[in-house]
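Please open the structure in your viewer and keep the selection tool at hand. The stops below proceed one selection at a time.

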Protein chains: 2
Amino acid sequence: MVNYPHRIVRKTVPTVTKKTAVNFANRGMSFETAINATNDFYLSRKIAVIHKKPTPVQIVKVDYPKRSRAKIVEAYFRQASTTDYSGVYKGHYIDFEAKETKQKTAMPMKNFHAHQIEHMANVLEQGGICFVLLHFSTLKETYLLQACDLIHFYQKDQGSKSMPLNYIKKKGFLIETTAFPQVPYLDVIEKKLLGGKQ
Amino acid sequence: MVNYPHRIVRKTVPTVTKKTAVNFANRGMSFETAINATNDFYLSRKIAVIHKKPTPVQIVKVDYPKRSRAKIVEAYFRQASTTDYSGVYKGHYIDFEAKETKQKTAMPMKNFHAHQIEHMANVLEQGGICFVLLHFSTLKETYLLQACDLIHFYQKDQGSKSMPLNYIKKKGFLIETTAFPQVPYLDVIEKKLLGGKQ
């Protein structure tokens, strides 16, 4: 068992999200870890079924060594054409993206790609619940901003390199981060979005 | 532009799904290609937003060469813990898996993993619409079987290595494959499942 590749992976890969390991090269990882833990909590309590999609990879070359499993020896990261998270909550389709910044007054817009904005618009048109979770790590504040408000800003201010925190505070909802689950975003969905609809 | 890795990929990777290229090593690919084309059709007509999830890959080692993009040089295929396809149709969460066989009388059960069955049960519990698309390539017949019927068979007949076509015909719905879209599975969802609910 010791030589199994997945054992090696757990020690070396930056995409492994263990709660104890937070010193990742990827800046967004600790927030991502908190979201994944929240989703695990929702799943285990049968509150919702929401998963992070696998990282999109273009596979170029695969070796098939004897007596061991297939090894990918050449591959490249692809840009995601959809959002990172999706799932179901009380029959509703849930779809969201998570972004983190160290800035104190604005969220950089460069991480929202045109494909993702288009995907969010498509999801809204089908009646899905779509939003972004925005984490300001220096301020230790997390906001839920509905996709319609993100799209509105994106379309209106395409020249802007960042979305002001004031806009996010005005249009979005602060998520009270707790110990367990860490990022209880479904509380906002339930109280602010579904509560208003039902 | 010619030397970009993604150009190489389009020529060599089995996971690229172009309608014209059907001679794939992966047996399930031509059926998968048809489903992807169907989802493209649904997306372009604004009928539904349903995507195939990226192949889950465990990344072990990444090179960062100067002047070119990051290259993954060691990675392994992971077993999927959820189903392959998910999305939203008229606000409903859609979740399914697709399987193909050359057999004429039964669908092998070995390709349905315990994790996937559990995921399907979780989705149903949250009120999602969950099913499998089963393609019998020799018969040229495709069926939609609801997840509840797959789970029922799986739990009752765990010793069985395959699910009889008779069971699928009795519990499932034949999908009339057409030229465009190729696998109109949402017709069944609309007429047989939602039609009964609404």
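Select chain A and chain B together and display the polar contacts between them: in this predicted model, 14 residue pairs, both members at pLDDT 80 or more, are in polar contact across the two chains. Next, colour the side of chain A that touches chain B by element. Those giving two or more residues to this side are helix H1 (5–12), strand S1 (49–52), strand S2 (57–63), strand S3 (71–77), strand S4 (85–89), strand S5 (92–101) and helix H3 of chain A. Which of them gives the most? S3(A) does, with 7 residues. Colouring the side of chain A that touches chain B by class shows 24 nonpolar, 15 polar and 7 charged residues.

To find one pairing, pick A:Ile72, whose bridge partner in S3(B) is B:Ala75.

Now select A:Glu125 and B:Lys46. Their side chains form a salt bridge, with 3.4 Å from N to O; the count of salt bridges between chain A and chain B is 2.

For a view of the whole interface, select every residue of either chain that contacts the other. This picks out 46 residues of chain A in contact with 46 residues of chain B. About 4000 Å² is buried between the two chains, and carbon and sulfur atoms give 63% of that area. On the side of chain A, highlight A:Tyr76, A:Phe77 and A:Gln126, which lose the most area to chain B and together account for 17% of what that side buries.

What do they pack against?

The last stop is in chain B. Select B:Glu97, which is placed in strand S5 (residues 92–101) of that chain. Is this residue buried or exposed? B:Glu97 counts as buried because its relative accessible area is 2%, and the cut-off for buried is under 20%. A polar atom of the B:Glu97 side chain lies 2.8 Å from the backbone nitrogen of B:Asp84. Beyond its neighbours within four places in sequence, B:Glu97 is in contact with several residues, including B:Thr82, B:Phe112, B:Met120 and B:Leu133.

Conventions
Residues are numbered from 1 along each chain as its sequence is written. Chains are lettered from A and ligands numbered from 1 in the order in which they are written. This is a predicted model: local features need pLDDT of at least 70, side-chain atom pairs count only at pLDDT 80 or more; totals for chains, interfaces and linings use all residues. Side-chain values use heavy atoms; hydrogens and water are left out. Contact means heavy atoms within 4.5 Å. Buried area is the accessible area (1.4 Å probe) that two parts lose on being put together, summed over both. A salt bridge is a side-chain nitrogen of Lys or Arg within 4 Å of a carboxyl oxygen of Asp or Glu. A polar contact is a pair of N or O atoms within 3.5 Å; within protein, one must be able to donate a hydrogen and the other to accept it, and residues adjacent in sequence count only if both atoms are side-chain atoms. Helices (H or I, at least four residues) and strands (E, at least two) are DSSP runs, numbered from the N terminus. Ala, Val, Leu, Ile, Met, Phe, Trp, Tyr, Cys and Pro count as nonpolar, Asp, Glu, Lys and Arg as charged, and the others, Gly among them, as polar. Two strands pair if DSSP finds at least two bridges between them. Buried means under 20% relative accessible area, exposed over 50%, partly exposed in between (1.4 Å probe, protein chains only).
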